[in-house]
Amino acid sequence: MNRRSLFKSSCYLTNFMLIISSITACNGGQELKSQVSIDGAAVGFPISLAVAEEYGKVKPQAQVSVASSGTGGGISKFCNGDIDIVGASRTIRDEEIKKCSSKKIEFVELPIALDGIAVIANRKNNFAKCLTIKELDKIWNAKSDGKILNWNQVNPKFPNQKLKLYAPASDTGTFDYMTQAVTGKAKKGRTDYTPSHNQNLLVQGVSGDATALGYVGISYYIQNQDKLNLVAVESPTGKCEKPVPVDNVIKNTYTPLSRPLFIYVSKKSLDNKPAVKEFVDFYLDNSWKWVDSVGYVALPDEAYVKVKQKFAKGETGTKFKKSKPGEPITNFI
């Protein structure tokens with residue numbers, strides 16, 4: 001099975017785990033030190049999966065597990081010291097940093113790719129071609145719960161049709177980033193929508209409902225673009241922009257819905273498990289090769305250089321906590 005087939009068949013399984021088995025006999029302590037564990041966001045999971053697969057070809061004795069329980073769930077495990085690396089589709093929060101600190105877990109924050117949140121509509125929708133941030137705020141704001149129920153309430157030029165909404169669950173990084181970008185505050189989102197941790201199910205919902213609107217990570221749109229309409233978003237300069245072609249994400253013209261994806265690496269694991277450092281070194285040197293093939297956007301070249309320097313220094317903590325949606329990633333590395 002090739003990598004793209006593997007991605008399609010497995011990246012949506014919440015509890016999926018890839019194990020690259022050891023071919024050498026080890027005692028318990030040695031085996032533990034040779035293991036690397038990753039969990040976290042569904043968005044970005046295919047990158048880690050591809051890296052682990054390729055790493056296993058170079059280091060067949062390695063034991064790397066890759067799972068996807070969401071950004072919040074992954075960070076919770078990370079701050080408990082249960083895993084070595086967490087993938088995140090948003091920046092770690094203050095309360096999560098405090099939890100990590102209480103467990104004496106320091107972390108190295110490493111951006112690994114870019115993503116554009118794709119606003120998607122049903123193929124039969126011929127009117128929502130470009131939405132403003134104000135309109136998206138009206139759609140997704142918590143104040144709209146039970147009130148903004150028809151398309152013509154979003155814009156009087158739109159038809160009087162029911163507005164059926166599909167979006168990632170409220171404990172996901174994608175939900176947090178989207179609500180912060182369009183309402184000004186993370187988690188300030190409405191609750192009367194169809195949620196899922198599985199973004200492929202969101203695609204199915206929107207593609208099967210003529211009056212639906214939703215949002216997903218760019219890879220989920222690219223995999224299903226024949227089933228969906230991609231809605232443009234009005235940028236601060238007044239232009240209607242889309243995350244495809246992906247140059248719009250790289251050049252930061254698709255703003256404010258372009259975002260960095262991260263891995264957070266435990267400093268304790270780096271200090272005590274040589275296998276973790278070896279794997280992350282391989283990750284940073286090689287992940288760009290597979291980012292595009294699994295539906296995401298590679299960092300600018302200068303960003304990769306800075307990220308590798310940051311990891312080499314072992315610099316802990318977050319620089320992205322104060323970043324706002326749409327700001328260039330190189331400002332914070």
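A disulfide is a pair of cysteine sulfur atoms within 2.5 Å. The legends below describe close-up views of a predicted model.

**Figure 1. The disulfide between Cys79 and Cys100.** The sulfur atoms of Cys79 and Cys100 are 2.0 Å apart, and the structure holds two disulfides. Cys79 belongs to helix 4 (residues 71-79) and Cys100 to helix 5, so the bond ties together parts that are 21 residues apart in sequence. The torsion about the S-S bond is about -75°, so the disulfide of Cys79 and Cys100 is left-handed. Both Cys79 and Cys100 are buried.

**Figure 2. The disulfide between Cys130 and Cys240.** Here the sulfur atoms lie 2.1 Å apart. Cys130 is in strand 6 and Cys240 in strand 11, so this pair ties together parts that are 110 residues apart in sequence. With a torsion of about -95° about the S-S bond, the disulfide of Cys130 and Cys240 is left-handed. Cys130 is partly exposed, at a relative accessible area of 22%. Cys240 is also partly exposed, and its relative accessible area is 44%. When the bonded cysteines of the chain are numbered in sequence order, the pairing reads 1-2, 3-4.

**Figure 3. The aromatic pair of Phe127 and Trp151.** The structure holds 14 aromatic pairs. In one of them, the ring centres of Phe127 and Trp151 are 5.1 Å apart and the planes stand at 85°, so the pair is edge-to-face. Phe127 comes from the loop between strand 5 and strand 6 (130-131), and Trp151 from helix 7 (residues 151-154); the two residues are 24 apart, and the pair links distant parts of the chain. Trp151 counts as buried, because its relative accessibility is 0%.

**Figure 4. The aromatic pair of Phe175 and Tyr193.** The rings of Phe175 and Tyr193 are stacked, with 6.2 Å from centre to centre and 15° between the planes. This pair too links distant parts of the chain, 18 residues apart: Phe175 is in helix 8 (residues 173-183), whereas Tyr193 is in the loop between helix 8 and strand 8 (194-196). Phe175 has a relative accessible area of 4% and is therefore buried. Tyr193 is buried as well, with a relative accessible area of 12%.

**Figure 5. An aromatic cluster, and a charge over a ring.** Tyr55, Phe279, Phe282, Tyr283 and Trp290 form one aromatic cluster. The other contact in this figure involves Arg259, whose charged end sits over the ring of Tyr177, 6.0 Å from the ring centre.

Figure 6. Pro245 is located in the loop between strand 11 (240-241) and helix 11 (247-250). Pro256 lies in the loop between helix 11 and strand 12 (258-266).

**Figure 7. The positive phi angles of Lys104 and Asn252.** Lys104 is not a glycine, yet its phi is positive, at about 60°. This residue is placed in the loop between helix 5 (94-102) and strand 5 (107-122). Lys104 counts as exposed because its relative accessibility is 71%. Asn252, which is not a glycine either, has a positive phi of about 65°. Asn252 is in the loop between helix 11 and strand 12. With a relative accessible area of 22%, Asn252 is partly exposed.

**Figure 8. The largest pocket.** The volume of the largest pocket is about 620 Å³. It is lined by 33 residues, of which Thr91, Tyr177, Gln180, Phe320 and Ser323 are the closest to the centre. Helix 5, helix 8, helix 11 and strand 12 are the elements that give two or more residues to the lining. Strand 12 gives the most to the lining of this pocket, with four residues. By residue type, the lining of the largest pocket divides into 14 nonpolar, eight polar and eleven charged residues. Tyr177, named here among the residues closest to the pocket centre, is also the residue whose ring lies under the charged end of Arg259.

Notes
Residues numbered from 1 in each chain as written. Predicted model: local features only at pLDDT ≥ 70, side-chain atom pairs only at ≥ 80, totals over all residues. Heavy atoms only, no water. Buried < 20%, exposed > 50% of the residue type's maximum accessible area, 1.4 Å probe, protein only. Phe/Tyr/Trp six-rings, centres within 6.5 Å; stacked < 30°, edge-to-face > 60°. Lys NZ or Arg CZ within 6 Å of the ring centre and 35° of its normal. 1 Å grid on protein atoms, 1.4 Å probe; cavity = no way out; pocket = protein on both sides within 12 Å on 5 of 7 lines; lining within 4 Å. Points joined across faces, edges and corners; volume = space filled by probe spheres on them. Nonpolar A, V, L, I, M, F, W, Y, C, P; charged D, E, K, R; others polar.
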